[in-house]
Amino acid sequence: MAILEIKNVSQEFGGLLALDRVSMTVEKGEIFGLIGPNGAGKTTLFNLITGIYRPSSGEVWFQGRSIGGLRPYRIATVGIGRTFQNIRLFKKLSVLDNVRVGMHSVSRAGFVSAMLHTPWAVKREKVTCEKSMALLKLVGLENKAIELAGSLPYGEQRRLEIARAMALEPSLLLLDEPAAGMNATEKEELLVLIRRIREMGVTVLLVEHDMNVVMNICDRIAVLDYGRKIAEGTPEEIKNNPRVIESYLGVEL
Amino acid sequence: MFWQQLINGLTLGSSYALIALGYTMVYGIIQLINFAHGEIYMFGAFVGLFLVLTFKVNIFVAVLGAMIFCMLLGMLIERVAYRPLRGSSRLSALISAIGVSIFLSTLMVLIRGPKVTSYPAGIFKIAYFDLGTVEISSLQIIILVTAGLLMLGLQLLIQHTRIGKAMRACSQDLDAARLMGINVDRVISFTFAVGSALAAAGGVMVGIYYNAVQPYMGLMAGLKAFAAAVLGGIGSVPGAMAGGMVLGILENLGIAYLSSSYKDAIAFGILILCLLVRPQGLLGKATTKKV
Amino acid sequence: MEAFILQYVDIYVLQIMVLIGINIIMALGLNLITGVTGQLSMGHAGFMSIGAYTSAILSLHYGMPFWFCLAAAGLMAALAGVFIGIPTLRLEGDYLAMVTIGFAEIVRVVFLNLDIAGRGMGLSGIPATTNFTLVWGLVIVIVLLNAGLLKSRPGRALYSIREDEIAAEASGVNTTLYKVVAFAIGTFLAGIGGSLYAHYLTYISPQDFDFMRSVEYLNMVVLGGMGSIPGTILGTVILTILPEVLRFVQDYRLLFYGALLVTLMIFRPNGLLGDVRWIDVKRTWARIRGQSLASSSSDS
Ligand SMILES: Nc1ncnc2c1ncn2[C@@H]1O[C@H](COP(=O)(O)OP(=O)(O)O)[C@@H](O)[C@H]1O
Ligand SMILES: [Mg+2]
């Protein structure tokens, strides 16, 4: 069953066609890889799915409904979590608070009950706190809960972003170059983490440059080049696709 | 009546345009509302006044002197109060800019006192030309022509010089410009210099036109010029020129046909309306911020 | 209560205490908008004046009871806040700073030209209902509510907007709504502060609420600590007492304020207490204690 359908989307920036009639379908429960050289339009596609950009044309469907034109917070609320290529944490909030903000749409307490400290709000807070700690544990940051997010080393910041995105309780998780800047051990841990996330029932759409990571973990892969989708298939098929080798793998590997 | 207000509006509008250009150029490159810009305009007006009173120079020399002074002032402000904050949050930079603005207007109060200063009567000989239904003064002609020439010069600078090209590159993408080997610090400094010089010219001319110079004149003028820049499309140079003119004309028509006590409300109303209906302004393009 | 306090406290000191209390309410409002949510408002005095005039007019011309006036003052100011907040805050960027300055200027001109507001003369003979007990009672209530807010879900959402608006949206925060609500609460507090001020001085005029007063409130928030309640209170206390102590340098006060803003932004952008966390203080303290223990034991 398809969880995400991208239908013929194009994105133009003042004359530059960053995405050119791209279509793809992500199935529920899979790990779907998106690769391609720098500037191919991968991040743009993420921004478009999450409502940060409005596509110039085309549609995005999620769980059987069109989400084109929805504000980003609405898209997050219907169950799409994401991380950013250039990490965007709330630097001056604690690690725990970053995850708790991620739980915003899951918890419900409003302004009045928060100000009045109603027992109901206090209880919600406790639940939020426990769930957030569980997520920190998932990404291995449970000992860093009270640190400021901005003070973490790079690799941990990337994992914190994943925890924050998971706090939405998403059904689809978009990861934009999660392994960038990580060393070999960290990358190994990341692979384990992504698999765990999938086991939790979350579909993963992954942009990554490290071919080891991508080929290792993805069920299917799509390749973008200059805004066009030039190939789609299993890792085996992609590795042997002449167009892909010519425009991308040949250079990188 | 209408045509007369149109001419008065164009005169006023050309000075708004001169100030608005500084806002828009700086915003285009570093996305900072240079809050102290109105105070630079005010300093320009005072320097012009000083030159006229002390050295009995003519308008053109006064304008030129004020432009040079404010050019240096603008670069100094950028160096001291904005450059150290280049990597900080936008809020910090904006608050720093407000600090500069307060500092400069208070400094002028300490130097000159808070009162309005006027040019001595008869220091400029003003001729009036009767064109049938409208009357235009030599002063208005001087202002319109000077403003026109300055804007023309700016266009030439931006379109046809190396530094102009660098400015355009920086406003497209600062990081990319830096990677291409453009000395970004120099371009920003230069942008402040040019913007400040234009504001100073506006200050001298408005000071002479209304015959009133005052330390707090920068706040309202700066605000109106900002409204003009937003109306034209912030970041767009032709937009700032057009926005200034449109605002000047609307304000004069408003004074003529509505009431003069609320004349400052007109610019504000336009600003709000513009943000509601067309935040990218008349000539600005809706762009998508890169994420 | 008031009489009881007066037995022990000098009237001049009491007067300053009341002003501190009113300023704390004002500054906490601005802190919510600027310090917590990161939206720069430069027209706080304008919203204060709306509250002050609403309250004064209602009690002088319509004989309304004080509590009614106080509530109406807060609501009118918040209404004005929502009115300019919606077009401005839905956009990303720093438009709010300019829009609020313009708005405050216009409000001032309107009161200058309004017969019912006494034009340039202002309004006098406003019932003197504000006193120490009332002001500080309200301060305590407001601090408690504010602290409750900042420590919970909506408060964290507001901080997240300040930190990164796009990431906040991607985390499910309706940033426009939260910005407008923060602005409404902040301007509500400004209205309350204005009402208390009017009923304390019993005389108000448009000059009381000029741009420089907005700047003073901004300074209180910025000096003490952006986004921090103790910080804001500290900044308010310092900047309310300082001008009283330094009366002889009155003329240079604004010069100092301007320089202060620039210097703080460069060297301590979060103010004195803005990024000081209780937890870090405790940790540092523990470390110092640990070190001194270690060194004393090695000495022996
Ligand atoms: N908001 C934007 N405005 C203008 N150009 C953009 C914007 N976002 C992305 N681009 C351009 O679109 C192209 C694709 O970029 P991106 O999606 O970031 O590529 P990738 O993530 O595959 O490296 C690039 O040329 C980039 O400069
Ligand atoms: Mg990318």
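Q: Which element gives the most to the shell around ligand 1?
A: This is a predicted model, so to speak of local features we need pLDDT of at least 70, while side-chain atom pairs count only at pLDDT 80 or more and totals for chains, interfaces and linings use all residues. Residues count from 1 along each chain as its sequence is written, chains are lettered from A and ligands numbered from 1 in the order written, and side-chain values use heavy atoms, leaving out hydrogens and water. Helices (H or I, at least four residues) and strands (E, at least two) are DSSP runs numbered from the N terminus, and a residue is in the shell if one of its heavy atoms lies within 4 Å. With three residues, the top giver is α1(A).

Q: How much area do chain B and chain C bury between them?
A: Buried area is what two parts lose on being put together, summed over both (1.4 Å probe). Carbon and sulfur atoms carry 82% of it. The total is about 3700 Å².

Q: Which side chain meets C:Asp94 in a salt bridge?
A: A salt bridge puts a side-chain nitrogen of Lys or Arg within 4 Å of a carboxyl oxygen of Asp or Glu. Chains B and C have one. At 3.2 Å, N to O, the partner is B:Arg90.
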